[in-house]
Amino acid sequence: IFKWREFFVEKMEEYTKVTHSKLTNGREKFSFVYKPSILGDQDVFEILKQNRAKDVKFQTTSKGVHRDEFVFYINDREVSSFGSQGQQRTTALSLKLAEIDLMEEITGETPILLLDDVMSELDNDRQLFLLHAIKGRAQTFITTTTLKHLNEVKVDAKIFKIQEGRAEELS
């Protein structure tokens, strides 16, 4: 798991920097820092043994890959502290789109992309960059409360209106 995590983090940073730059038209520089809870040269089993009493007491494992952290930066400022909602959403989208590239590289297959109400927190420019970034890349399902952003991008899409539990295709 640790070795795959290292590979994953390295590749994700490569892809995410490019994707984020595209989504922001080059206005933002994206980076992130991976903070593992156990360093590569440490003995995992020894650390787990050392923390066992505390872990049993609190009924959780305090060290391991599930405790690793990622800190995201835009223009060298931490996104979680200083980023707007749009920047935070763009960071998440950059990671999601970079995952598509990485999954294609590893498996040779393109995943399905599900985006739930992503447009509401993005300004018009970011909406358009997102639509251009996903156009033709992967089968994508987007939920949204408005179709305004689709007026400016030619998309080959089926659009459905969901009302009272029923789906109706719009023409």
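Start by selecting H20, which sits in helix α1, residues 2–23. Helices here are DSSP runs of H or I with at least four residues, strands are runs of E with at least two, and both are numbered from the N terminus. This is a predicted model, so local features need pLDDT of at least 70 and side-chain atom pairs count only at pLDDT 80 or more, while totals for chains, interfaces and linings use all residues. Residues are numbered from 1 along each chain as its sequence is written, and side-chain values use heavy atoms, with hydrogens and water left out.

**Stop 1: around H20**

Is H20 buried or exposed? H20 is buried, at a relative accessible area of 0%. Buried means under 20% relative accessible area, exposed means over 50%, and partly exposed lies in between (1.4 Å probe, protein chains only). Now show the contacts of H20, meaning heavy atoms within 4.5 Å. Leaving aside neighbours within four places in sequence, H20 touches E28, F30, I74, T90, T91 and S94.

**Stop 2: the sheet**

Select β1, β2 and β3. These three strands make an open sheet in the order β1-β2-β3, with antiparallel pairing. Two strands pair if DSSP finds at least two bridges between them. β1 and β3 (77–78) are the edge strands, each with a single partner, so one side of each has no neighbour in the sheet. Between β1 and β2 there are six bridges. Pick Y34, and its bridge partner in β2 is F70.

Helix α1 lies across β1 and β2 and runs at about 165° to β1. That angle is taken between N-to-C directions, from 0 to 180 degrees, using lines fitted to C-alpha atoms, for helices over the stretch in contact.

Then select S31, in strand β1 (residues 30–35). S31 counts as buried, at 16% relative accessibility. Beyond its neighbours within four places in sequence, S31 contacts E13, K17, V71, F72 and Y73.

**Stop 3: the nonpolar cores**

A nonpolar core is a set of buried Ala, Val, Leu, Ile, Met, Phe, Trp, Tyr and Cys residues joined through side-chain atoms within 4.5 Å. In soluble globular proteins, nonpolar side chains tend to be buried together.

Select L93, L97, L115, L130 and I134. They have the most contacts inside the largest core, which holds 14 residues. α4 (85–107), β4 (113–116) and α5 (124–134) each supply at least two residues of this core. Which of these elements gives the most? α5 does, with four residues.

Zoom in on L93. Setting aside neighbours within four places in sequence, L93 contacts L23, L115, V118, L122 and L130. Another core lies apart from this one; it has nine residues, among them M12, I74, V79 and L95.

**Stop 4: the salt bridges**

How many salt bridges does the structure hold? There are 11. Each is a side-chain nitrogen of Lys or Arg within 4 Å of a carboxyl oxygen of Asp or Glu.

- Select R5 and D68: their side chains meet at 3.2 Å, N to O. R5 lies in α1 and D68 in the loop between α2 (44–58) and β2 (69–74), so the pair ties together parts 63 residues apart in sequence. D68 is buried, at 11%.
- Select R27 and D125: this salt bridge spans 3.6 Å, N to O. R27 is in the loop between α1 and β1 and D125 in α5, so parts 98 residues apart in sequence are tied together. R27 is partly exposed at 45%, and D125 is partly exposed at 39%.
- Select R137 and D101: here the N to O value is 2.5 Å. R137 is in the loop between α5 and β5 (140–143) and D101 in α4, 36 residues apart.
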